[in-house]
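I opened this notebook to keep track of what I looked up in the structure, entry by entry. The sequence and the model come before my notes.

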Amino acid sequence: MSLRDRGCLLVIEEVSKSYESPNGRGELLAVLKRVNLCVRSGQLACLVGPSGCGKSTLLNIVAGFERPTSGCVLVNNREVDGPGSDRGVVFQEDALFPWLTVRENIGYGLVRAGRSREEIREKASRFIRLVGLEGFSEFYPDQLSGGMKQRVALARVLVNEPDALLMDEPFAALDALTRASMQNLLLEVWGTMPQTILFITHDVDEALILSERIYVMTAGPGCILEEVSVELPRPRTMEVMATPDFLAVKRKLVNLLERAGAGGQPLEIIPTCPVDGNQ
Amino acid sequence: MTDNTINFGKKGIIGKLGLGLILPALLIGAWGLSTAPGGLPEYVLPSPRALALTTWDFFWGTLHSSTYSGAFWRHALASSERVAVGFLLAAFIGIPLGLAAGSIGNVERLVDMSIQAIRSVPGIGWLPLAMVWFGIGTKTTVFLIAMAGFFPIYVNSAQGARHVRIIWKQAAFMLGADRWTIFTTVILPGAMPSVVSGLRVALGLSWAYLVLGELTGVPDGLGAVIMDARMLGQVDIIIVGMISIALLGRLSDRLLLFLLGRLAWRREIV
């Protein structure tokens, strides 16, 4: 069990997933093939890959919304079997409850956990402040902008103090300016309360701004093509992004992604994954 | 209620209603002309003035001219009671069953086919059977109302539950909710807009089936008033009865929306 020894809080071990093909002939469609991945405690790891490579399927498996066909996922040494509040998910789409206010959305998990009224009030207020939404606590999601909704989405999982945070392209639907400020917010929050985060994106820049470890996925069937360490200073400002070091890592990632099938090459020239995963 | 129509420029209440008032004014004008001396006789269509007087008397008993003077309240109360009981029966069975069928596959497979089959019998078709089972009167009326109201409530609740976004359920699961709390905190509020439209349709139907039930012969109620007036040849009372039912129908719809707005279904204890 090599990955478990590396001090990983989140371990994805030999996970494969296939669906029955919709043609009804009982053929199996492989979506994920022997994916191995590890996120250390307090680490922010990114998973990049071309669209359709199975990134979201992998995240759904970690979240417990789907079951792997084979392999297993461990979070904090417990095998995942079904969704739970130990793994908070921030979705790409707006997934707030539109019939609840900002405060009530954030308090939802605390109510489920049976916390006292005072504790819920106090914590909800604290996390509203943490994501910079003072004054909006009694607003309904429909009255908020896309960026503000994602702030609420972030707060409503952080408030439950999950072991791991799973983020599925959470800023992809935002405009460039809002996306940049959300990335800063995430890093700020991550700086004050170190969280173990698995962040999915198809945006190389985003991965480089956020993360020190980037997993590159390839499509058809999805597997980890390479694991890239990013040893660049933080904060990753515009100046850092202009350094040769940054550009070198970026070039490497872009090349990998192109090889991974982003250019829509025919299946046979998509590189096959190393037999023993990413070891 | 929000106003979804695009409004160019601001207008006063008369300005907004102006166009809408033209048709009623024309109709009342034509009605007045046709009932003028030499026109239609009183026993076919009373004049607007006579009808206004009768309506006023029916409500407030100012004329003391007939058994109908000031009788509105007694009959309205009797009818409202029947509508309330029948409608609440329909809602208390229809909402849970519909939500369960819309969100749990096995419940849907169990009940949906049968309910859809029964639904294809028109509501009026139940009248003879209801009269055999419950006799003539209040029970039959309540049964017909509950029967008629159940189907739109069930169908809309099921539809609403079916279309609750999967991502809301996933979000609730990952925030620590179990299946039962997801039912009460996600499916119920998520399906609520659809449930509300089902309830409104059902309440409208309730008044229609109230009249049908009361026509079979009950001592009080607005349907009974209409039926008696027909036998006595009092067209003005027939029309006043119709107006009263329309009024109560509209009023009960507003009341329903008001009560649903006050309900705590959208609140979390935070």
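In chain B I looked up contacts between residues at least 6 apart in sequence, and 70% of them join residues at least 24 apart; two residues are in contact if their C-beta atoms, placed from the backbone, lie within 7 Å. I noted at the outset that this is a predicted model, in which local features need pLDDT of at least 70 and side-chain atom pairs count only at pLDDT 80 or more, while totals for chains, interfaces and linings use all residues. Residues are numbered from 1 along each chain as its sequence is written, and chains are lettered from A and ligands numbered from 1 in the order in which they are written.

**Chain B**

I found ten helices and zero strands in chain B, where helices (H or I, at least four residues) and strands (E, at least two) are DSSP runs numbered from the N terminus. Chain B has a radius of gyration of 23 Å, well over the 18 Å that the globule rule gives for 270 residues, so it is more spread out than a compact globule; the radius is taken over C-alpha atoms, and the rule is 2.2 Å times the number of residues to the power 0.38. Along the principal axes, the C-alpha atoms of chain B fill a box of roughly 75 × 60 × 30 Å. Of the 270 residues in chain B, 35% are buried, a residue being buried if 20 or more other C-beta atoms lie within 10 Å of its own, exposed if 12 or fewer, and partly exposed in between.

**Sheets of chain A**

Which order do the strands of the six-stranded open sheet follow? I read β6-β7-β8-β3-β9-β10 in chain A, with mixed pairing, two strands counting as paired if DSSP finds at least two bridges between them. The edge strands are β6 and β10 of chain A, each pairing on one side only. Inside this sheet, β3 (residues 44-48) and β8 (residues 196-201) of chain A run parallel and are joined by five bridges, with Val48(A) opposite Thr201(A) in β8(A). By contrast, β9 (residues 213-218) and β10 (residues 223-229) of chain A run antiparallel over six bridges, and in their hairpin, which has four residues between the strands, Gly220(A) takes a positive phi near 60°.

I also looked up an open sheet of four strands in chain A, with the order β2-β1-β4-β5 and antiparallel pairing. There β1 (residues 8-20) of chain A pairs with β2(A) over nine bridges, and Ile12(A) stands opposite Leu37(A) in β2(A).

**Packing in chain A**

I then returned to Val48(A), which touches, among others, Ile214(A), Val216(A), Met217(A) and Leu253(A). Is Leu210(A) buried or exposed? With 24 C-beta neighbours inside 10 Å, Leu210(A) counts as buried; this residue lies in helix α6 (residues 204-210) of chain A, and its contacts beyond four places in sequence include Leu44(A), Cys46(A) and Phe199(A).

**Where the chains touch**

Last, I noted that 28 residues of chain A are in contact with 15 residues of chain B. The largest share of the side of chain A that touches chain B, seven residues, comes from α2(A). By class, that side of chain A has 14 nonpolar, six polar and eight charged residues, where Ala, Val, Leu, Ile, Met, Phe, Trp, Tyr, Cys and Pro count as nonpolar, Asp, Glu, Lys and Arg as charged, and the others, Gly among them, as polar.
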